[in-house]
2 protein chains.
Amino acid sequence: MGSLNACDILDASFAGTGCLEHPLDAEEFRRHGHKMIDYIADYYNSIDKYPVRSQVEPGYLRRLLPETAPNQPETVDRIIGDVTRHIIPGITHWMSPNYYAYFPSSGSTASFLGEMLSAGFNVVGFNWMSSPAATELESVVMDWLAKMLCLPAQFHFSGGGGGVLQGTTCEAILCTLAAARDRAIAGGSDISRLVVYGSDQTHCSLQKAAQIVGIPSSNFRAVSTRFCDSFALTGASLDRAVVADEAAGLVPLFVCATVGTTSSTAVDRLPEIGEVASQHKMWMHIDAAYAGSACICPEFRHFIDGVELADSFSFNAHKWFFNNLDCCCLWVKNPAALVAALSTDPEYLKNKATESREVVDYKDWQIALSRRFRALKMWTVIRCHGVANLRKFLRGHVRLAKVFEGLVRLDRRFEVVVPRYFSTVCFRLRPVRAGRTGDGEVDEEIASGLNRRVLESVNAEGRIYMTHAVVGGVYVIRFAAGGTLTEERHVRTAWLVIKEHAEKLIDDVDFLN
Amino acid sequence: MGSLNACDILDASFAGTGCLEHPLDAEEFRRHGHKMIDYIADYYNSIDKYPVRSQVEPGYLRRLLPETAPNQPETVDRIIGDVTRHIIPGITHWMSPNYYAYFPSSGSTASFLGEMLSAGFNVVGFNWMSSPAATELESVVMDWLAKMLCLPAQFHFSGGGGGVLQGTTCEAILCTLAAARDRAIAGGSDISRLVVYGSDQTHCSLQKAAQIVGIPSSNFRAVSTRFCDSFALTGASLDRAVVADEAAGLVPLFVCATVGTTSSTAVDRLPEIGEVASQHKMWMHIDAAYAGSACICPEFRHFIDGVELADSFSFNAHKWFFNNLDCCCLWVKNPAALVAALSTDPEYLKNKATESREVVDYKDWQIALSRRFRALKMWTVIRCHGVANLRKFLRGHVRLAKVFEGLVRLDRRFEVVVPRYFSTVCFRLRPVRAGRTGDGEVDEEIASGLNRRVLESVNAEGRIYMTHAVVGGVYVIRFAAGGTLTEERHVRTAWLVIKEHAEKLIDDVDFLN
């Protein structure tokens, strides 16, 4: 993959740098910081030279590194040389334009600048007092985003709600679930009777959160979805589960609805779910980790219709909103419920601002006390591009997915398995038993095996990287466009790569089409 | 404070930069990245020009910023100009050499370089497969650190245990507590009978974690500590609490011992606590958030004697180990217990490496699925400086605290309230009622009020920043040395500042000494 050449380019950045004399000296910082900027810029320039999915074997790095830490300082060029030679071969290039796996990680120049500021200031913004700007900027950008998403006023600070930047959706769901649980327990419910609902497509973080907050695993419901509903959770199926649980003496607590599921980007039926949640007094959370950002475009906003019925809503800005990892945006209608579950008030943190009740102390809206100044990157991303361009970028990714979808649909050996709503296409090679006619019945087992082999063949070669899902028993290959560097030419090449590998395997197994 | 001048310096960095055309273009990245390096280097050069504690009032920033996001892109120089004029006045300068509040946040050039690499690669290392180097480097550096701390082999990967980098101690305690809880529940215990123990000095994250995992608040014990034990939790007092709970039919689950408490850097008696934990089959966690790093120096290692009895051990590398926020190092003897509580296995993450059981999937060792490549910064910090210099730096901070302690002790108007073990001195102005003799009885209420006013006076002026604690009913001022930029001259100046404010107030209230 020409990586020797790429190594040489990267090596030039740090050539001849010595040791750091001081832990933090402004001029040493400046000198090495400049070199690192060049290193990373050169990495982006050469990123398509690397196999997208790392090709190393388990244990490769431990064999390359010493067993104990060095006693004496090492030169920076030596350390960075090891990054080039030992680390880069072991990473999967999530920022590559040829990365279509899981959901791409969504870095950008603007976000990187914000990350640099955040690491540079290195403030620990647990409460307002500890660095007022960290709290206030976060509140401001969360209101900006709420307006961009047309979230109801109840989610804005001015409407009694508010938003917070957490690390990941896992944390956001954990916090809201703890808040819902404590509200129920305060209302007299026993934790052992509380029930949590998602669908069989809901992200595993819901079940994990339920487990962490002490909901018995027997009280977790993954309500079945169906192919004919495009794997959306419906109000009717949720209602059946809830009614059955109530009949058994259990207490419905929390439902997580998803906008853009991980497997197939399905969209749960929010208005129906909201109605059931409301009838049964459940906390409704909307996990729009992947697709939420797209809803700043008016033409996609309908996907979150029903959000007015929810208690909380979250999306991951590090997934598809040009923020580097990590950055999850969470809004709640009732911050007091979060605070009741998560607040602490030790003596050493007491201060006048908190006592005045005029400020937000975000430590009480999340798990951790310490928190990075994440709002800086969100702020730089929004301002550097403006809402108009952010919409344009998101639409561009959707357009790339449509291009790919079009290519798949033009080739009758392939099929798009579920509707494409956003920038991800779930497709597969549609095998037909040799000897049958073209429209014959699909043998699912053979289909899965073949698609699995195609995917592994593509990924092992390394020009592009995709991952898989199984929906309704069907093994699908996921093509998640949306990498910041991906352009139409990359998508068209990706399709040629996929066809090439598929054709080779189809020949091998002697399939007719 | 001369901040206008500092503003002018910072302004020069980004003068005349236009808008970002692309979300990520290598040459735009390079150009703006270089400017940001200069901006941050200039910030460090001028950091002592700012009031250390931000002087803004609640709501200052919301009034300065627009209510909605800009629709069109803004120039980078304009955005950074706003950072200079609107954000910097609103942050407390945690990286200032004159910062002695809470515990300093511990940034360094080496760590910043690692942060840049981490943000630049932007890999989402949830499991080994998603970026093998992220997992393997983390395992390697955690073994390096375990050896640097002389942790028993059971905490090393080679000894069946292992380490993980989390964000904060809050998360580390939450994960270990969930593991302990699930082990107890699997053993037949009811969650409503499980009891969690700390001391009245334990960090509030323990109580918060207990609340999150569903331990009834009536089952949380903050065992009292005493002045005569220097606020250490002792085995005898823990044992009394445990025996009483067992007699009441409850089940002792988890004890958190602290090495370097937040208020006064007290050190709990680990060997005694370990014995009690062992007798009653409790999970013992050691929270060495602040002081753990110092234990890489042989002369401080004795503070964690008894760690061999613990199930888990953690310290915050962002507190006093030259890692920028956030970075918490957690080791466990039995990773299987963590995995049992925290693992998920969705179809879309299935892969051969996981199935081979030859790899660590860190998503099962923590709350979140997504995780940043934090090991890069720890690796660069350790290698750039080497163990010998890291020890030297830590000793340097302890020496600064000793210098300060000496200055306090030389002035009979002041006293050091609790023993200084590390780089933090808890002291106060020792007032004596007017009219009594010099050795008269201290009036605690007057003493608290006076010290509170001295502290507020110092902090409001902004040349230095300290915070307070209350231990055993005594209001103390905490002088936490250990900022990366702090030198002896800063400490000596800090003492002069403190004396100046104290003398002014002593005059005001007409105290004699």
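In which sense do β6(A) and strand β7 (residues 312-316) of chain A pair, and over how many bridges? I found that they pair in the parallel sense over three bridges; two strands count as paired if DSSP finds at least two bridges between them.

**Conventions.** I worked on a predicted model, in which local features need pLDDT of at least 70, side-chain atom pairs count only at pLDDT 80 or more, and totals for chains, interfaces and linings use all residues. Residues are numbered from 1 along each chain as its sequence is written, chains are lettered from A and ligands numbered from 1 in the order in which they are written, and side-chain values use heavy atoms, with hydrogens and water left out.

**The sheet of chain A.** I traced an open sheet of seven strands with mixed pairing, in the order β2-β8-β7-β6-β5-β3-β4. Helices (H or I, at least four residues) and strands (E, at least two) are DSSP runs, numbered from the N terminus. The edge strands, each pairing on one side only, are β2 (162-166) and β4 (220-223) of chain A. From one strand to the next, the twist averages 20°.

**Strand β6(A).** I noted that β5(A) and β6(A) pair in the parallel sense over five bridges. Asp287(A) in β6(A) stands opposite Thr258(A), and its bridge partner in β7(A) is Ser314(A). Five of the five residues of β6(A) are buried, so the strand is largely enclosed by the rest of the structure; buried means under 20% relative accessible area, exposed over 50%, and partly exposed in between (1.4 Å probe, protein chains only). Trp283(A), His285(A) and Asp287(A) point one way from the strand, and Met284(A) and Ile286(A) the other way.

**Helices on the sheet.** Helix α10(A) lies across β5 and β6 of chain A and runs at about 160° to β6(A). I took axes as lines fitted to C-alpha atoms, for helices over the stretch in contact, with angles from 0 to 180 degrees between N-to-C directions.

**His280(A).** I located this residue in the loop between α10 (270-279) and β6 (283-287) of chain A. Why does His280(A) count as buried? Its relative accessibility is 14%, and therefore it counts as buried. Not counting residues up to four places away in sequence, His280(A) touches Asp239(A), Val242(A), Val243(A), Glu246(A) and Pro252(A); contact means heavy atoms within 4.5 Å.

**Helix α8(A).** I checked residues 204-212 of chain A and found seven of the nine buried, among them Cys204(A), Leu206(A) and Lys208(A). Just after this helix, Gly214(A) takes a positive phi of about 90°.

**Nonpolar cores.** I defined a core as a set of buried Ala, Val, Leu, Ile, Met, Phe, Trp, Tyr and Cys residues joined through side-chain atoms within 4.5 Å. The largest has 254 residues, and those with the most contacts inside it are Phe321(A), Trp331(A), Phe321(B) and Trp331(B). Another core, of 72 residues, lies apart from it and includes Leu338(A) and Trp283(B).

**Interface of chains A and B.** I recorded 150 residues of chain A in contact with 150 residues of chain B. The two chains bury about 13,400 Å² between them, 67% of it on carbon and sulfur atoms; buried area is the accessible area (1.4 Å probe) that two parts lose on being put together, summed over both. Phe29(A), Tyr348(A) and Arg383(A) supply 6% of the area that chain A buries against chain B, more than any other three residues. The rule finds ten salt bridges across this interface, each a side-chain nitrogen of Lys or Arg within 4 Å of a carboxyl oxygen of Asp or Glu. Arg62(A) forms a salt bridge with Asp143(B), with the closest N and O atoms 3.1 Å apart.
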